[in-house]
Amino acid sequence: MRIAIDTLGADLGTERIAQGAIQALSRSEKMEIVLIGDESILSPLVTEKNRARVSIVHTTEKIETTDKPVMAIRRKKEASMVKGYQLLKEGTCDALVCCGNTGALLAGGLFLSGRIKGIERPALTPVIPTKKGPKIMLDAGANVDCKAKFLLQFAQMGKIYSERVFGTKQAKVGLLNIGVEPGKGSQLYNEAYDLLKEKLDGFTGNIEARDVLDGDYDVLVADGFAGNILLKSVEGAASTLFSMLKQALTSSPVTKLAAAVLRKPLRGIRDQFDYHEVGGAPLLGIQHAVIKAHGSSDETAIMNAALFAEKFVQSGVIEGIQALNTEEE
């Protein structure tokens, strides 16, 4: 399996992204890596040990965070992200991992990869840590304005993803809303509730934001606006909480002793909220495997993103989503 890694556009630079990708080779015997970026930086990182499993596609052009996504995808033909999509379309690579401009990655998914038949909008699908283990949410920002049928499609894709990647049995789907009762929320969410109840096996109803971390669902569905706010609120709250805990547990000799005792379990909880451990979020609904990694990903995050990309391809999620339209026909 060949995983393309866009080494440009990340906060920490080409070298660290490439090093993380190469580290993934030690965890997977069948993986090969295609590094997209500046060959003068990448070539010294390719040693005799890994030369047979690492190749380089040279480019120095990248899509900046300030670029307008659609315009950048169409005009920057030599950009690393565009080259990554080209490798997917040619069949040269099986998956693409990218840390760069999220809007451009979404535009590339639409214009370069293409939507799966029957899916009107692709969705970003991150993992949310909960009391009952990792759960998935979509959409996390790809679609700020939605229709009820989009949310149904998100739910259908999310079920397939949860069942094939996480091994969930008959995944339960919840709808993010301002109350648990039917009839709550905007017109969009009322229409989505009725549509999900009618057409989706496993729909369990509305879920309030305060209950999200309880994990009484497998797939959480939302429009991209609400989903993105929820995701960033959870990330921000977790970061603040652990910062406050660290401050409290190092404030005196007694608390430092307690910290020593609690270090291992606290580290385990912290890791559940750490995007470095998750790796990335797939863009569901397009024809190819594209994984969005965090812009500030380090070596560990990229290694995990590459390993996740391999697992995602092997799980057959895309094939499962492609079969949805066949079933409906």
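I took contact to mean heavy atoms within 4.5 Å. On that basis I looked up Ile-5, which touches Ile-17, Ala-21, Ile-33, Val-34, Leu-35, Ile-36, Val-97, Ile-302 and Ala-306, not counting residues up to four places away in sequence.

Before going on I noted that this is a predicted model, in which local features need pLDDT of at least 70 and side-chain atom pairs count only at pLDDT 80 or more, while totals for chains, interfaces and linings use all residues. Residues are numbered from 1 along each chain as its sequence is written, and side-chain values use heavy atoms, with hydrogens and water left out.

**Core.** I used buried for under 20% relative accessible area, exposed for over 50% and partly exposed for what lies in between (1.4 Å probe, protein chains only). A nonpolar core is then a set of buried Ala, Val, Leu, Ile, Met, Phe, Trp, Tyr and Cys residues joined through side-chain atoms within 4.5 Å. The largest such core has 100 residues, and Ile-5 and Phe-312 have the most contacts inside it. The element that gives the most to this core is α6, with 10 residues; helices (H or I, at least four residues) and strands (E, at least two) are DSSP runs, numbered from the N terminus.

I counted two strands as paired if DSSP finds at least two bridges between them. Seven strands form an open sheet with mixed pairing, in the order β3-β2-β1-β4-β12-β11-β5. Its edge strands, each pairing on one side only, are β3 (54-58) and β5 (123-124). Between β5 and β11 (residues 280-284) I found antiparallel pairing over two bridges, with Leu-124 opposite Leu-283.

Helix α4 (residues 80-90) packs on the sheet and touches β1, β2, β3, β4, β11 and β12, its direction making about 165 degrees with that of β4. Axes here are lines fitted to C-alpha atoms, for helices over the stretch in contact, and angles run from 0 to 180 degrees between N-to-C directions. Because eight of its 11 residues are buried, α4 is largely enclosed by the rest of the structure. Just after α4, Gly-91 takes a positive phi of about 85 degrees.

**Around β7.** Which residues cover the two faces of β7? Lys-135 and Met-137 lie on one side and Ile-136 and Leu-138 on the other, and all are buried. β7 pairs antiparallel with β6 (residues 127-128) over two bridges and parallel with β10 (residues 219-221) over three bridges. Six residues separate β6 and β7 in their hairpin, and Gly-133 in the turn has a positive phi of about 95 degrees.

At the end of this stretch I checked the peptide bond from Leu-138 to Asp-139, which is cis with omega near 15 degrees; Asp-139 lies in the loop between β7 (135-138) and α6 (148-165).

**α6 and what follows.** α6 and α11 (residues 299-315) pack at about 105 degrees, with their axes 9 Å apart. This makes α6 roughly perpendicular to α11, a term that covers 65 to 115 degrees. Tyr-161, Arg-164 and Val-165 of α6 meet Phe-308, Lys-311, Phe-312 and Ser-315 of α11.

Methods. Parallel < 35°, antiparallel > 145°, perpendicular 65-115°, else oblique.
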